[in-house]
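Subject: Structure handover

Hello,

Here is the structure I promised to pass on. Please open it first, then read the notes below it.

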Amino acid sequence: MAFEFQTQVVIETFPMLMRGLKYTVYITAGGLAIGFVLGAVFGLLKLSKTAVLRNLAVVYVECIRGTPMLVQAMFLYYGVPMALGIRISPLTAGIIIIAVNSGAYIAEIVRGAVQSVDSGQVEAGRSIGLTSTQTMRYIIWPQALKRMIPPLGNQFIISLKDTSLLMVIGVGELLRTGQEIVAVNFRAFEVYLAVALVYLAMTMSIAKILRIVENRMNISAAK
Amino acid sequence: MIEIQNLHKQFGSLEVIKGIDLSIQRGEVVCIIGPSGSGKSTVLRCINKLEEPSSGTVIVDGFDIMDPKTDINYIRTEVGMVFQQFNLFPHLPVLDNVTLGPIKVRGMKRAEAVRIGREQLAKVGLAEKEANYPDHLSGGQKQRVAIARALALQPKAMLFDEPTSALDPELVGEVLLVMKKLADEGMTMVVVTHEMNFAQKVANRVIFIDQGVIQEENAPAAFFQNPENPRLRDFLGKVEAHI
């Protein structure tokens with residue numbers, strides 16, 4: 001029997017996928033919000049004058065960057081509760097994984113962006129009597145933030161797609177929802193195509209939003 | 001005003017400053033000249049501790065900058081600095097560049113800081129540029145804004161680190177003019193420069209630093225007309241020679 005593409009299935013699938021999409025968005029947004037804070041903190045720690053703090057950040061980044069996210073997810077969801085005798089919901093575990101994982105990559109983005117600001121800016125800030133914290137806050141950080149946007153956008157897109165890996169710990173996100181639909185109607189081609197299109201729409205939206213933010217920042221800095 | 005005794009500065013194993021004594025009185029304009037790599041900028045940067053002296057004493061307005069009890073951020077508001085590369089804050093409009101110090105460091109009310117900021121911008125002839133971003137200014141205008149930024153803190157002395165070296169030749173004059181005006185008003189100034197004319201006309205005293213020590217120190221007339229030190233004669237000869 002020849003394969004027959006059923007457009008109707010794709011159309012019918014979309015509303016059902018929205019349930020999964022809700023979790024995908026929730027985990028991505030929550031994970032990245034926390035991940036950005038982690039990244040900012042550890043990125044700045046990497047530039048600390050204190051060796052202990054610097055090394056702490058190095059260990060964090062290397063451990064996360066050096067292991068697959070799938071392994072991290074299974075370790076946190078199945079392994080850690082066993083050791084600590086606690087139970088974590090798949091959703092909470094998912095947000096933690098995305099946060100910790102993106103945090104490590106964002107730490108590198110933050111470090112790079114801060115370092116790319118000309119050292120003369122620090123000197124100028126200090127020369128008018130600002131403390132090093134004030135110099136970071138009012139002079140370096142705003143300039144670094146602008147430079148972070150393109151690589152951050154990249155990371156946001158990666159993290160969004162990475163949420164699909166969380167199906168292995170039973171998070172009912174987008175891909176998992178698709179899989180459940182396929183288990184019922186056996187239309188793998190149409191359903192996974194629909195899933196892919198939803199991811200694509202999401203990633204393109206992120207890219208678009210970041211382009212707008214970037215343009216707005218360029219305009220405000222070039223009046 | 002500024003008292004430097006037996007200043008030494010090492011970068012790794014390289015000794016850049018090898019024992020400098022320099023005393024600058026209130027209202028004095030001192031120009032420091034010398035070949036590149038001679039340590040002249042380093043001396044200047046040790047005055048407000050942008051460089052940490054390796055040894056020696058630096059006393060600014062009665063405060064020993066090496067004393068851990070001295071609030072170096074306070075000293076820096078009392079001693080303004082102007083850099084070769086301007087180092088304006090590119091993410092802030094001109095007026096905010098100038099008012100940042102008064103607001104964040106001096107704790108001034110915004111309205112008061114804006115008043116002072118505008119006053120200083122007017123002084124350097126850039127009142128109408130207050131809303132512009134630094135990227136939209138010429139080099140000469142940037143440096144004048146940098147001078148206004150330092151003056152907005154109402155410092156007792158100003159340090160200039162080759163303020164015209166990064167400028168196109170036709171823009172040098174406007175910056176030197178602002179500096180001359182400042183000198184005429186009685187500002188204490190230490191200027192590292194290659195502008196021999198400026199040194200000759202504006203300075204009370206000219207200092208020649210080479211190989212990490214002061215080789216010659218004199219009033220401008222004697223300094224330029226009868227240089228005693230052979231290195232200085234050689235240096236001045238080279239400066240003239242390319243004409």
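Start in chain B. B:T99 sits in helix α3 of that chain, which covers residues 94-105. Keep in mind that this is a predicted model.

Is B:T99 buried or exposed? B:T99 is buried, because its relative accessible area is 1%, and buried means under 20%. Leaving aside residues up to four places away in sequence, B:T99 touches B:R110, B:A113, B:V114 and B:G117.

Next, the interface between the two chains. On one side, 22 residues of chain B take part; they are in contact with 21 residues of chain A. Three residues of chain B lose the most area to chain A: B:H91, B:K104 and B:Y133. Together they account for 27% of what that side buries. The area buried between the chains comes to about 1,900 Å². Carbon and sulfur atoms give 57% of that area.

Which side chains meet in a salt bridge? They are those of A:E123 and B:R45, at 2.5 Å from N to O.

Which elements of chain B give two or more residues to the side that touches chain A? They are α2 (72-78), β6 (79-82) and α3. Of these, α3(B) gives the most, with 4 residues. This is also the helix that holds B:T99.

Over to chain A. Helix α4 runs through residues 90-116 and has 27 residues. From its first C-alpha to its last, α4 reaches 39 Å. That is close to the 39 Å expected at 1.5 Å a residue. Even so, α4(A) has a kink of about 25°. The kink is centred on A:A104.

Last stop: A:F156. This residue has its place in helix α6 of chain A, residues 132-162. Not counting residues up to four places away in sequence, A:F156 touches A:L32, A:I206 and A:L210. How far is the C-alpha atom of A:F156 from that of A:R187? The two are separated by 30 Å, and they lie 31 residues apart along the chain.

Best wishes

Terms used:
Residues are numbered from 1 along each chain as its sequence is written. Chains are lettered from A and ligands numbered from 1 in the order in which they are written. This is a predicted model: local features need pLDDT of at least 70, side-chain atom pairs count only at pLDDT 80 or more; totals for chains, interfaces and linings use all residues. Side-chain values use heavy atoms; hydrogens and water are left out. The expected span of a helix is 1.5 Å times one less than its number of residues. The bend at a residue is the angle between axes fitted to the seven residues ending there and the seven starting there. Buried means under 20% relative accessible area, exposed over 50%, partly exposed in between (1.4 Å probe, protein chains only). Contact means heavy atoms within 4.5 Å. Buried area is the accessible area (1.4 Å probe) that two parts lose on being put together, summed over both. A salt bridge is a side-chain nitrogen of Lys or Arg within 4 Å of a carboxyl oxygen of Asp or Glu.
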